[in-house]
Amino acid sequence: MRTFAICRLCLFAVVIGCSPQNQQAQSHPRPVKVVRIDKQSADSATAYAAEVRARHETALSFRVSGKIITRPVEVGDHVRKGQLLAALDQGDYQLAVQALKAQLKSAEAERRFSADELKRHRELLAQQVISQPDYDRHEAADIAARERVKAIKAQLAQTVNQLEYALLIADRDGVVTTLEVETGEVVAAGRTIVKLAGLDDKEICFDLPEQRIADIKTGQQVGVTLWADGDKKIKAQIREIAAAADPAGRTFRIKAALAEKQDDMRLGMTATVWISSYAAERIAVPLSAVFTTQSEPKQAKVWKVDEQAAAVKALPVQTGAVLAGERVAVSGLSGGELIVSAGVHRLVEGQAVRLPEGDAVAEDRAKP
């Protein structure tokens with residue numbers, strides 16, 4: 001009993017000693033730094049690294065195989081339509097043409113002989129000197145000779161085409177952007193030899209992250225600046241949006257057509273694409289004003305100040321993108337509200353606070 005009485009006495013003393021201190025701590029206003037929420041309407045633009053490219057770029061190759069004997073162009077050369085870009089050794093194709101021409105002469109001679117024979121046997125058949133099967137045999141020989149001439153003519157035309165295919169000719173005016181081979185190499189048909197970019201139509205190419213693909217659409221107007229001339233903004237229009245993301249970078253390739261002619265714009269130049277997005281009412285607060293509690297670690301909150309009661313109240317918010325100036329976009333607040341901007345982890349619900357005097361509040365506003 002004596003021990004129990006001593007314990008109760010100690011506990012009573014602790015309660016009596018601590019209660020005034022806790023009440024004093026809660027009633028003592030804590031000085032805080034605050035900001036006034038300022039709601040503004042503004043246009044924002046996101047920048048993406050881009051490159052100037054030709055809208056039409058063709059990979060040219062030989063339609064036959066062979067050894068390259070000449071390649072009179074280099075990377076960066078401007079070429080005209082019909083200009084020679086590379087040539088294969090035509091010796092074998094020339095020999096094949098000569099052989100087929102000789103075969104054609106022989107076949108035509110046989111065709112003339114079979115035609116004369118058929119005419120003579122037709123007269124003999126009319127005089128009933130030969131039988132019908134004998135005449136039919138000569139008629140079949142004449143048909144075979146005639147068709148052989150047609151076949152050799154077709155082979156000769158094909159070989160003449162192959163002789164022409166041994167010359168790689170530019171199919172349009174443009175500039176050589178890539179050379180894949182050197183003189184002396186033996187190449188197969190279809191292998192890329194030269195890449196030729198047209199200069200009549202340029203476009204801007206850039207990659208867009210998948211989380212931003214909903215921000216643009218085909219036909220949308222965008223601004224373009226060149227690194228070489230960053231002060232001048234060029235108008236462009238979204239022409240093409242890739243249907244699938246790149247498997248390596250998980251980005252979508254976007255192509256924008258220039259709305260104004262740029263003769264001084266060179267292929268491969270570094271550019272920046274500016275995509276505008278309109279935000280009707282954007283609210284941003286300092287990062288230091290946002291906090292979470294152990295009981296709700298996924299719910300962001302801010303301390304809203306009740307100016308009449310000079311006390312704070314936790315207000316849930318939804319955070320967005322991090323902005324410049326160590327600020328973050330939020331929703332769930334209204335313009336004109338006063339929130340605590342520093343020391344948020346030292347406050348408790350309903351705690352009394354002491355606001356700055358004078359115009360300190362008005363001078364520090366949360367702007368996007």
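Predicted model: local features only at pLDDT ≥ 70, side-chain atom pairs only at ≥ 80, totals over all residues.
Reader: Which residue in β18 does lysine 304 stand opposite?

Author: Lysine 304 stands opposite lysine 313 in that strand.

Reader: Let me change topic: in the largest nonpolar core, which residues touch the most other members?

Author: That core has 22 residues, and the ones touching the most other members are Ile204, Phe206, Val273 and Ile275. Several elements give two or more residues to this core, among them β3 (40-54), β12 (202-209) and β16 (270-286), while the largest share, four residues, comes from β15.

Reader: Which residues does the second core include?

Author: The second core is separate and has 20 residues, including Val79, Ala166, Val181 and Val194.

Reader: New topic, then: how many aromatic pairs does a search of the whole structure find?

Author: The search finds two aromatic pairs. In one of them, tyrosine 48 and phenylalanine 206 have their ring centres 6.1 Å apart and their planes at 25°, so this pair is stacked.

Reader: Where in the chain are tyrosine 48 and phenylalanine 206?

Author: Tyrosine 48 is in strand β3 and phenylalanine 206 is in strand β12, so to speak of the chain, the pair links distant parts that are 158 residues apart.

Reader: Are those two, tyrosine 48 and phenylalanine 206, buried or exposed?

Author: Tyrosine 48 and phenylalanine 206 are both buried.

Reader: What about phenylalanine 291 and tryptophan 303, how far is it centre to centre?

Author: Phenylalanine 291 and tryptophan 303 also form a stacked aromatic pair, with 5.0 Å centre to centre and 20° between the planes. Phenylalanine 291 lies in the loop between β16 and β17, whereas tryptophan 303 belongs to strand β17, 12 residues apart, and both of these residues are buried.

Reader: Last one: what sits over the ring of tyrosine 165?

Author: The charged end of arginine 63 sits over that ring, 4.0 Å from the centre of the ring.

Terms used. Residues numbered from 1 in each chain as written. Heavy atoms only, no water. Pairing = 2+ DSSP bridges. Core = buried A, V, L, I, M, F, W, Y, C linked by side-chain atoms within 4.5 Å. Buried < 20%, exposed > 50% of the residue type's maximum accessible area, 1.4 Å probe, protein only. Phe/Tyr/Trp six-rings, centres within 6.5 Å; stacked < 30°, edge-to-face > 60°. Lys NZ or Arg CZ within 6 Å of the ring centre and 35° of its normal.
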